[in-house]
Number of protein chains: 2
Amino acid sequence: MLHLYWADESSAPPGDRGLAYGDGLFETVSVTGDRSPLLGYHLDRLSRDAGRLAIPVARSELEKVFNQALLRYSDLYGTGQWILKLTLTRGSGGRGYRPDPGIQPNLMVSHSAAPAPVDPGGVVVDFSRIPLTVNPLFAGIKSLNRLEQVMAARELRGDIYELLMSNREGHVVEGTRTNLFVCSGQTWVTPPASTLAVAGVMRRHVLARLHSAGQEVREAPLQLEDLVGDNCHGVWLTNSVLGVVPVRNLAGHDLPVDQRLATIVGLPAILG
Amino acid sequence: MLHLYWADESSAPPGDRGLAYGDGLFETVSVTGDRSPLLGYHLDRLSRDAGRLAIPVARSELEKVFNQALLRYSDLYGTGQWILKLTLTRGSGGRGYRPDPGIQPNLMVSHSAAPAPVDPGGVVVDFSRIPLTVNPLFAGIKSLNRLEQVMAARELRGDIYELLMSNREGHVVEGTRTNLFVCSGQTWVTPPASTLAVAGVMRRHVLARLHSAGQEVREAPLQLEDLVGDNCHGVWLTNSVLGVVPVRNLAGHDLPVDQRLATIVGLPAILG
């Protein structure tokens with residue numbers, strides 16, 4: 001049994017373990033009017049990763065709440081894009097880190113306007129000084145433990161749109177709020193899921209579209225030279241709210257920009 | 001300016017970044033009656049580590065809140081031991097991970113009864129299957145990003161009192177809620193601060209007492225054989241609430257138990 005909280009009528013439950021320990025996970029779902037094309041992927045990820053954290057919740061329960069939220073909020077935004085946020089925590093209480101055996105999850109629902117759209121001519125990106133550390137057991141989980149991303153995002157200045165984070169092997173893994181695709185020669189490359197802090201639903205969608213378009217795709221670690229070397233034919237950021245964003249300049253290095261990935265992925269049709 | 005919330009009269013502030021991203025840190029302070037011998041260390045750690053996370057707060061502000069909390073709650077517990085918890089977050093709101101420039105921290109205060117005292121004859125300990133990953137920039141910070149410790153604490157079963165966590169180098173670093181001291185030959189050994197998820201205030205106290213007692217102390221990585229080999233003359237867990245706890249059995253291996261460390265550290269006089 002899920003305890004449901006609407007952020008516009010009640011505050012976070014007392015003793016919630018999301019606040020105490022980051023003991024939970026979240027989804028930010030892009031909605032246009034009352035349509036959310038990637039909803040299935042969001043529900044898949046949230047229910048699967050809740051299971052990895054042993055937080056018991058059924059996909060069908062989450063879908064029901066999503067539909068309630070649509071009824072509740074979609075009129076506020078007309079036909080425009082908006083964001084629905086679901087925060088699922090293990091529940092309240094426990095003896096310190098150790099949760100009580102019968103603990104019931106809390107689900108908090110909030111909504112907000114969509115961010116400004118991104119210049120299709122591309123964005124300026126730099127490297128973060130914050131190293132990315134990923135526990136292999138929690139790789140890809142959009143958990144509430146996001147201090148590294150917060151500290152990296154604090155470094156955003158001026159027209160820098162995103163900062164790329166590297167792990168201790170020196171591989172460039174992802175942005176603070178985006179995944180990464182590189183066109184290397186004839187191949188699309190993105191870092192492997194096992195190395196990611198967050199495995200984005202848009203990353204999954206892009207991979208699916210590249211595969212069905214018959215493109216050559218590799219999930220492989222990225223080195224700096226893969227991003228700025230002569231063999232690099234473009235770098236893209238992906239995120240379920242922003243879509244597919246080309247990078248026009250990376251750490252002072254101009255990159256080729258085109259709409260190939262956006263065309264293959266078919267975002268306008270899907271997210272429009 | 002700090003926004004202060006007493007958990008017994010108000011809930012967590014809306015949009016708090018502690019809940020959203022684990023963007024904050026906490027202290028659990030042991031109080032006996034109205035005395036808290038390690039308070040200075042708690043205030044040092046909380047103000048210093050808030051600074052490392054660029055959360056602006058003065059030690060004197062925290063001390064003032066602590067004194068208010070003593071006035072408010074100490075009558076509830078008479079001369080007994082109780083726990084005061086301070087949760088400091090970066091504040092509310094922001095654009096996703098990126099905090100607003102003028103954001104003001106939230107400080108939430110709660111209290112609880114002390115846990116049952118530990119058998120001075122020692123406790124039974126095992127190894128966790130959850131690997132410990134520590135971002136070197138955040139080493140030692142008692143941040144709200146504690147998912148690894150939660151997942152490890154979920155494995156506690158039966159009379160197992162604590163689980164020890166190892167990093168990817170295979171070094172045994174700490175327990176889910178305790179730091180670790182080993183008596184190796186004539187030397188006291190504890191893992192270096194740079195490798196710790198949480199650098200406990202009791203660890204600091206124990207180190208200070210060992211030094212002033214003229215004992216030989218080393219901060220060095222611990223291998224499994226340091227804990228169960230012939231040269232091991234005892235293993236202790238430390239924690240500001242529990243004090244110094246000898247380990248009598250580690251993963252099925254009996255260990256020598258004595259009160260040497262407790263005597264040197266002088267806990268009864270200090271925490272009594």
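**View 1. Two copies and their axis.** Copies are superposed by least squares on the C-alpha atoms of residues with pLDDT of at least 70 in both. Chain B can be laid on chain A with an RMSD of 0.0 Å by a turn of 180° and a shift of 0.0 Å along the axis. The two copies are thus related as by a two-fold rotation axis. In chain B, the C-alpha of Leu19(B) is the nearest to this axis, at 1.9 Å. This is a predicted model: local features need pLDDT of at least 70, side-chain atom pairs count only at pLDDT 80 or more, and totals for chains, interfaces and linings use all residues. Residues are numbered from 1 along each chain as its sequence is written, while chains are lettered from A and ligands numbered from 1 in the order in which they are written.

**View 2. The open sheet of chain B.** Helices (H or I, at least four residues) and strands (E, at least two) are DSSP runs, numbered from the N terminus. Two strands pair if DSSP finds at least two bridges between them. In chain B, 4 strands line up as S1-S4-S3-S2, with mixed pairing. Strand S1 (3–6) and strand S2 (24–32) of chain B are the edges, each pairing on one side only.

**View 3. Strands S1 and S4 of chain B.** S1(B) and strand S4 (residues 106–113) of chain B run parallel, joined by 4 bridges. Leu4(B) stands opposite Leu107(B) in S4(B).
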